[in-house]
Every structure is written in structure tokens, then in C-alpha cells.
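Hi,

Here's the structure I said I'd pass on to you. Have a look at it first, and then read on for what turned up.

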Amino acid sequence: MQYLAGYPQDVQDKVAALLAAGKLGAVLDKRYPLANQQLKNDRGLYQCAMELKQRYLKKSSPLSKVVFDDKISLKHQALGLHTYASRIQGSKLKAKNEIRIASKLKQLPEPLVRMVLVHELAHLKEKEHNKAFYQLCQHMEPDYFQLEFDLRLYLTLLEN
């Protein structure tokens, strides 16, 4: 239960009990029905990212790419990556922001993938995981903390 390591022991015990009884999947399926999945491909992910960026982060740096990436491993607790690449072209310095989301998240319900996207977009403005970062995440996605917990539950379920 590595994804729940930071939570209180009573929460971990409840999740372990649901997992042992085989009920965790049913609880999550009831909360997040898989109907109407828009974020199954790179195009849908990019469109969602651009809508969120336009709505909440208009003045932030532009995004050049938003894709699902097969090379991101969930074992290292990386769900997504925000990269910033600078390149010299002649006498100019060009910068590109890219967001890469682990491909394994394609199978998860859309709100959970969207939460990871919100997290990575917040890094455009706030580089560190500090109070301002999480306030921005919550501003873009009011249920951010519940979605993050539920994502951890899904990852725990997938691990077992």
C-alpha cells in the first residue's frame, strides 16, 4: 500500500479491509462510472489541457506538447511529468513546456486523469509542491484532494 503511506493508519486499515473483501473496485466503480471517457488519447488530453490553461493560466508559458507516455513508470510514483526544455536557435533562446502523463492512466476514469493534468499544469506557475501550488490545484479543480485520494485508491487496487 505504498500509495497510501502518508495517510493515517485508520484510513490505511479501512482501505486494506475493503481490498481484502474485494469491495474496493466496486466502491470506486460506483463513484466513477467509466462512461463518456474523453481522455483516452493524446488529442483529448491536449484539448483538455488547453481548456484548463486558457481558463485558469492564461498568462503562463505556452505548452508545446501534452501526451500520454509509455515510458513513465508508476513504480517510481511518477504519474506525470512537466518538462521545460530550452534550446538555442541561432541567437535566440527557445523554451518549450511539455506535459507527459503515464499511459497506464488511460484506463482510469476521466476525473482522475484530469486531476493529474491539473497537477502538472499547476507546475507552469508553481515549480515546488508548496502551499501556493496546492491552492492553485484546488482553484482549478475544487475536489482536487478527494480526487488525489481516489487516484491513490485506484493505484492501490491496480497494484494488487
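Quick one to start: is Tyr-144 buried or exposed? Tyr-144 is buried, because its relative accessible area is 1% and the cut-off for buried is under 20%. Do keep in mind that this is a predicted model.

Tyr-144 also has an aromatic partner. Its ring centre lies 5.4 Å from that of Phe-145, and the planes are at 80°, so the two rings sit edge-to-face. Phe-145 is partly exposed, with a relative accessible area of 38%. Both belong to one aromatic cluster, together with Phe-133 and Tyr-134.

In total there are 5 aromatic pairs. Another edge-to-face pair is Tyr-7 with Phe-149: centres 5.0 Å apart, planes at 65°. I like this one, as it links distant parts of the chain. Tyr-7 is in the segment before α1 (9–21), while Phe-149 is in helix α6, 142 residues apart. Tyr-7 is partly exposed at 24% relative accessible area, whereas Phe-149 counts as buried at 18%.

Now for the inside. The largest nonpolar core has 42 residues, and Ile-101, Leu-105, Leu-117, Leu-121, Met-140 and Leu-151 have the most contacts inside it. Several elements each supply at least two of the core's residues, including α3 (42–56), β3 (92–102) and α6 (144–159). The largest share, 8 residues, comes from α4.

Leaving aside neighbours within four places in sequence, Leu-121 is in contact with Ala-49, Leu-52, Lys-53, Leu-57, Leu-63, Ile-99 and Met-140.

Cheers!

Terms used. Residues numbered from 1 in each chain as written. Predicted model: local features only at pLDDT ≥ 70, side-chain atom pairs only at ≥ 80, totals over all residues. Heavy atoms only, no water. Core = buried A, V, L, I, M, F, W, Y, C linked by side-chain atoms within 4.5 Å. Buried < 20%, exposed > 50% of the residue type's maximum accessible area, 1.4 Å probe, protein only. Helix = DSSP H or I, 4+ residues; strand = E, 2+ residues; numbered from the N terminus. Contact = heavy atoms within 4.5 Å. Phe/Tyr/Trp six-rings, centres within 6.5 Å; stacked < 30°, edge-to-face > 60°.
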